Amino acid sequence: MIPTGSAVATTLFNNAHDFQSSAVELGARIAAGAIHDSAERCDAPKCHPETRVAVQNDLYDWILGDEGPSDHPRKIKWVTGPAGSGKSAVMGSVADRCAGNGVLGATFFFASWSTSVGRRRKTAFVTTIAHQLAQHREELRTAISAAIEKNADVFEKNLRVQMEVLVLSPLREVVRQSDRPPLRGGIIIDGLDECEAEQYHDTTTPGRRGRPERMNSEDQLEILQVLQAASSDPSFPFRILIASRPERVFREFFDPENNPTAFAKKLDLHEDHNADADITLFLEAEFNRLRRRYNLPLSWLPPNAIKILVDKASGQFIYAATVIRFLDADHREPPKALLEAILGMQVITTSNPLEHLDALYSHILSSSPDAPLSVQWIHSISWLKSSKGSYASNIHLLLQTDSQSNEAEHLLGKLHSLIRIPSPRDQATTRYDFYHKSLFDFLEDPDRCGIDLYVEENENELFIWNAFVRACARTSGTQLKYQEPFLQLLVDIPAQLVLMHGIGHPEALSTSATSTDWWVLLATECKAAESLWQMFKQVHKPNLEPFHSPEFGINSLVGT
């Protein structure tokens, strides 16, 4: 039977509604902060005007396929370089240029320091790419929506299946049906070495029930393999730029002897392009800006200051950028005195190419009244970044030994060149952030930061646990005087922390935190049963041996 006009209209409406629902479902599964122009990346590094021009031109031309004719185009290019060599700035600038010229397919900027879990792990990688590709053409958006309708469980599948269902199959459909000009452009992936591994199993339980912890390199390799498979599909029209540090998994993957796939020639920002001229341009522009801001005379720069700093940078833009932030961080000392101190720093020459950056980090941290305690705070802020409620004001309430003191400003007030510190009016809704991962590379290596600034992981865990104990001790058995966001932060701590050396035993806590009333009150306030169960198990571990069998859970202990 031929459908009537109303039946056709109803069918079209239902299809449109289904496709709209699929688009909403896809949008809910993305890491929005990982997209190049997201709000989270509003102050992300970009190349300074007139710098890294040759590098950007090379990458842009490659994305457009202007490297010459080829029967087998090489669709993946690796951009590498050590920490601080400007990879993210270059990739961000190239992404902006591609977007402005209509040749940007998609972007994903990983960031290990981000408070957004989506930017640190692989879970939302393919969905975020597919979401962006769906914006290019109506028929591609329709094909992706139809794929979601047909494969409702795709979001629970592995990356290979997600890439096939959400990207490759829709692209084949568009290529088969469309008579419009073919799609082209770039997919830009930055900071893939910062992708952290998803842990699918309990890695803390000893014995056979525990599983080995999944390594970051395993998830990074999985992403590389998925991208490699996609680029090999004839219907896949995009060029893929991947930026990372030269970690082993990337060196081996892109080694022609290990991988027969023909990749484009890698670009090493440190070896293939001398950054000294670009760093010089950056410093000249920034020193002129500082001169105007602080009304300094034209002669304020010491002789050869820029040349000395360029030599100290050793090709690392992060060194030059940190120097400028340090001079511009509203210290009580005048910029000239601060600069002279940096110029006068002496280092013992070693094989470490970052020795001057290390000296700069040490100098800045030593400006704190209590550098070792400041480092403890830095590690703790980083450790707590993904916890619910880890806003700056709650971090202060947790870590300060006196809840009424201004310890945060005392310890971190001179470290604005290393840490993005929210303004006082924003601290209840904004988290701390860090300018560059190289700070933690420095702090986590005792040979680089020195014994005075080095903190063992278990020391930091104990520091956080003691802060947790103090917070518990401030409550009474009948009243929790904390607001909901802080309570969310509080209950997340034992659930995440691997407690060692008996520090989770109840004798470490105040009497109120071991009473039944306290736990019931906390459960009522937080409504976070699983977190509280993890917390309860850690605190009362010696008393829970009878309940270790799988059939017992929190419901059997506290009810629902």
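Author: We will take the features one by one, starting with the chain as a whole. Keep in mind that this is a predicted model.

Reader: How many helices and strands does the chain have?

Author: The chain has 23 helices and 7 strands.

Reader: What share of the residues is buried?

Author: Of the 560 residues in the chain, 49% are buried. A residue counts as buried when its relative accessible area is under 20%, and as exposed when that area is over 50%. Two cysteines illustrate the two ends of the scale. Cys-42 counts as exposed because its relative accessibility is 68%. Cys-195, with a relative accessible area of 0%, is buried.

Reader: Since we are on cysteines, what is a disulfide?

Author: A disulfide is a covalent bond between the sulfur atoms of two cysteines.

Reader: How many disulfides does the structure hold?

Author: The structure holds 0 disulfides.

Reader: What can the contacts tell me about how the chain is arranged?

Author: Take the contacts in the chain with a separation of 6 or more. Residues 24 or more positions apart account for 76% of them. Val-226 gives an example. Val-226 is found in helix 7, residues 216-231. The C-alpha atoms of Val-226 and Gln-162 are separated by 9.6 Å, while the two residues are 64 residues apart along the chain. Once its neighbours within four places in sequence are left aside, Val-226 is in contact with Leu-159, Arg-160 and Met-163.

Reader: Is Val-226 buried or exposed?

Author: Val-226 counts as buried, because its relative accessibility is 8%.

Reader: Can we go through a charged residue in the same way? Which helix holds Asp-278?

Author: Asp-278 is found in helix 9. Its relative accessibility is 15%, so Asp-278 counts as buried. Apart from neighbours within four places in sequence, Asp-278 is in contact with Glu-50, Thr-51, Arg-52 and Phe-317.

Reader: Now the strands. How should I read a sheet?

Author: Start with the general idea: in a regular strand, the side chains alternate between the two faces of the sheet. Then look for the order of the strands and the sense of their pairing. Here 5 strands form an open sheet in the order 2-3-4-1-5, with parallel pairing. Strand 2 and strand 5 (267-268) are the edge strands, and each pairs on one side only.

Reader: How does one find empty space in a model?

Author: Rolling a probe the size of a water molecule over the atoms shows where empty space is left. In this structure the count comes to 2 cavities of 30 Å³ or more.

Reader: What lines the largest cavity?

Author: The largest cavity holds about 70 Å³ of space. Its lining includes Trp-113, Thr-115, Ile-381, Arg-431 and Phe-434. By class, the lining of the largest cavity divides into 6 nonpolar, 2 polar and 3 charged residues.

Reader: What is the volume of the second largest cavity?

Author: The second largest cavity has a volume of about 30 Å³. Arg-325, Tyr-361, Ser-417, Leu-418, Tyr-435, His-436 and Leu-439 line it. In that lining, 4 residues are nonpolar, 2 are polar and 1 is charged.

Reader: Let us finish with a pocket. What is known of the second largest pocket?

Author: The second largest pocket has a volume of about 1100 Å³. It is lined by 45 residues, and Ala-44, Pro-45, Arg-325, Tyr-435 and His-436 lie nearest its centre. Arg-325, Tyr-435 and His-436 also belong to the lining of the second largest cavity.

Reader: Which helix supplies the largest share of the lining of this pocket?

Author: Helix 11 does, with 5 residues. Helix 3 (87-100), strand 4 (239-244), helix 9 (276-293) and helix 11 (317-327) each supply at least two residues of the lining. By class, the pocket lining divides into 18 nonpolar, 10 polar and 17 charged residues.

Key: Residues numbered from 1 in each chain as written. Predicted model: local features only at pLDDT ≥ 70, side-chain atom pairs only at ≥ 80, totals over all residues. Heavy atoms only, no water. 1 Å grid on protein atoms, 1.4 Å probe; cavity = no way out; pocket = protein on both sides within 12 Å on 5 of 7 lines; lining within 4 Å. Points joined across faces, edges and corners; volume = space filled by probe spheres on them. Nonpolar A, V, L, I, M, F, W, Y, C, P; charged D, E, K, R; others polar. Disulfide = S-S within 2.5 Å. Buried < 20%, exposed > 50% of the residue type's maximum accessible area, 1.4 Å probe, protein only. Helix = DSSP H or I, 4+ residues; strand = E, 2+ residues; numbered from the N terminus. Contact = heavy atoms within 4.5 Å. Pairing = 2+ DSSP bridges.
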